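This briefing is arranged by topic. Please read the points below alongside the sequence and the coordinates.

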Amino acid sequence: MDLNSYVVALVVTACFCVGYIIKNMIPNKNINKYIPLIMGVLGVILNTWLNLWVLTPDVLVGGLVSGLASTGAFELGKNLIIKKEEK
């Protein structure tokens, strides 16, 4: 199974933005452990909306993969910036 075929760029971008806002605007650091869960749920909702509210297994997986990919993209970017600053 190729997960790349399930990534929806619009959902990744929207989840990335919402995750960034949650991480940087909510002072409670306890919320950070729930960000992947929130992005997964938001990804499914957004992908279902993009597919005219038809929930199929492909839409479900596409939403989950896209929402979680946004979390991974944020962490990757953060780690690259930190490593660059260390040099």
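Across the whole structure, a search finds zero disulfides. The model is a predicted one, and its chain contains three helices and zero strands. The points below take up the cysteines, the fold and its confidence, the aromatic rings and the nonpolar surface.

**Cysteines**

- Cys15 takes part in no disulfide, and the nearest cysteine sulfur, that of Cys17, lies 9.4 Å away.
- The sulfur of Cys17 has its closest cysteine sulfur in Cys15, and the 9.4 Å between them is too far for a bond, because a disulfide requires cysteine sulfur atoms within 2.5 Å.
- Cys15 has a relative accessible area of 0% and is therefore buried.
- Cys17 has a relative accessible area of 40% and is therefore partly exposed.

**Fold and confidence**

- Read from the N terminus, the elements of the chain follow the order α-α-α.
- The C-alpha trace of the chain spans about 45 × 30 × 15 Å along its principal axes.
- The chain has 87 residues, of which buried residues make up 26%.
- Mean pLDDT for the chain is 89, with 92% of its residues at 70 or more.
- Among the elements, helix α2 (residues 35-50) has the highest mean pLDDT, 96, whereas α3 has the lowest, 86.

**Aromatic rings**

- The count of aromatic pairs comes to two, with centres within 6.5 Å as the criterion.
- Phe16 and Phe74 form a tilted pair, with 6.0 Å from centre to centre and 55° between the planes.
- This pair links distant parts of the chain: Phe16 belongs to helix α1 (residues 9-25) and Phe74 to helix α3 (residues 57-86), 58 residues apart.
- Phe16 has 33% relative accessibility and so counts as partly exposed.
- Phe74 has 18% relative accessibility and so counts as buried, because the cut-off for buried is under 20%.
- Tyr20 and Phe74 form an edge-to-face pair, with 6.2 Å from centre to centre and 65° between the planes.
- Tyr20, at 44% relative accessibility, counts as partly exposed.
- The angle of 65° makes the pair of Tyr20 and Phe74 edge-to-face, because planes over 60 degrees apart fall in that class.
- Through these ring pairs, Phe16, Tyr20 and Phe74 are linked into a cluster.

**Nonpolar surface**

- A nonpolar patch on the surface is formed by Leu10, Tyr34, Leu37, Val41, Ile45, Trp49, Leu50 and Trp53, which together have about 870 Å² of accessible area.
- Helix α2 contributes the largest share of this nonpolar patch, five residues.
- Leu37, one of the patch residues, is located in helix α2.
- Leu37 counts as exposed at 55% relative accessibility, because exposed means over 50%.

Definitions and conventions:
Residues numbered from 1 in each chain as written. Predicted model: local features only at pLDDT ≥ 70, side-chain atom pairs only at ≥ 80, totals over all residues. Heavy atoms only, no water. Phe/Tyr/Trp six-rings, centres within 6.5 Å; stacked < 30°, edge-to-face > 60°. Helix = DSSP H or I, 4+ residues; strand = E, 2+ residues; numbered from the N terminus. Buried < 20%, exposed > 50% of the residue type's maximum accessible area, 1.4 Å probe, protein only. pLDDT = per-residue confidence, 0-100. Patch = residues over 30% accessible without salt bridge, like charges linked within 9 Å, V, L, I, M, F, W, Y side chains within 5 Å. Areas by Shrake-Rupley, 256 points an atom, 1.4 Å probe, with all protein chains shown as cover. Salt bridge = Lys/Arg side-chain N within 4 Å of Asp/Glu carboxyl O.
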